[in-house]
Amino acid sequence: MSNIAGKAYAMNVITPLPWYTAAWNRLIFFGAGILKSKTLGLRTLSLIHYARWVIIRPGQFPRLSPDQPKEDLKYNYMLFFSNFNGSWDQYVDSFSSAIPVGLDMFWKWNIKYPKSVPMLPFHRYITSNQIWTDYYYNAYPMASSNDVKSAKKVKDSLLAFIGNVKDADENVFQEKYNRLLLDLQHDISQMGPNPVISLSASAVERRSD
């Protein structure tokens, strides 16, 4: 299943956007980047690695060679791409619940956008416009976004600990070591595959073995 690499799922959604609204969308993206209030809920979702929206003009689509004819397109297109942990449904539902106003603001002028609430029409819209990921590389397939954050915290804490106990006697070392373990108890764990989230996901996993 090329959209999945370990614990991560790659989503690419491309939707048509009338040319006369593309400039407004760019202003909305710019304002959201400054104010950040419309995407605050998105940044609190720990399952998301990242999410990005980009507007592509008709002449910006890549050509594999000079011999390939240029695309004759009537619309601009908005590309949304994201990496996340968990199932497709978990992500789309969390996205819709966390920033419904932000989603409606970003996709407002996209062709046939139904709004993010209720969820079923939004699910259909995403499904209809999702582009399959042909190749997806994940450097740490068994790590979720929280695993990566925890690993960074453990590394930083160990480096600081080494400096703090460089000249310490055994009693001070033991005291600081115990404190280190207490501080990191929620960040030290063994990584492993995701639990089965559906029968179809289990079937895919069995076929890949």
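The model is predicted, so local features are given only at pLDDT of at least 70 and side-chain atom pairs only at pLDDT 80 or more, whereas totals for chains, interfaces and linings use all residues. Residues are numbered from 1 along each chain as its sequence is written, and side-chain values use heavy atoms, without hydrogens or water.

**Stop 1: the loop between helix 4 and helix 5**

Select Pro118, which is found in the loop between helix 4 (100-107) and helix 5 (119-129); helices here are DSSP runs of H or I with at least four residues, strands are runs of E with at least two, and both are numbered from the N terminus. The peptide bond from Val117 to Pro118 is cis, with omega near 5°. Next, select Lys112 in this loop. Its phi is near 65°, a positive value in a residue other than glycine. Lys112 is exposed, at a relative accessible area of 76%; buried means under 20%, exposed over 50%, and partly exposed in between (1.4 Å probe, protein chains only). Then move to Lys115, which lies in the loop between helix 4 and helix 5 and has a positive phi of about 85° although it is not a glycine. Most residues other than glycine have a negative phi, and most peptide bonds are trans.

**Stop 2: Thr15**

Select Thr15 in strand 2 (residues 8-17). Thr15 is buried, with a relative accessible area of 0%. Its side chain forms a polar contact of 3.4 Å with that of Trp107. A polar contact is a pair of N or O atoms within 3.5 Å; within protein, one must be able to donate a hydrogen and the other to accept it, and residues adjacent in sequence count only if both atoms are side-chain atoms. Beyond four places in sequence, the residues in contact with Thr15 (heavy atoms within 4.5 Å) include Asn76, Tyr77, Met78 and Tyr125.

**Stop 3: Asp187**

Asp187 lies in the loop between helix 7 and helix 8 (199-208), and is buried at 16% relative accessible area.

**Stop 4: Leu181**

Finish at Leu181, placed in helix 7 (residues 170-183). At 37% relative accessibility, Leu181 is partly exposed.
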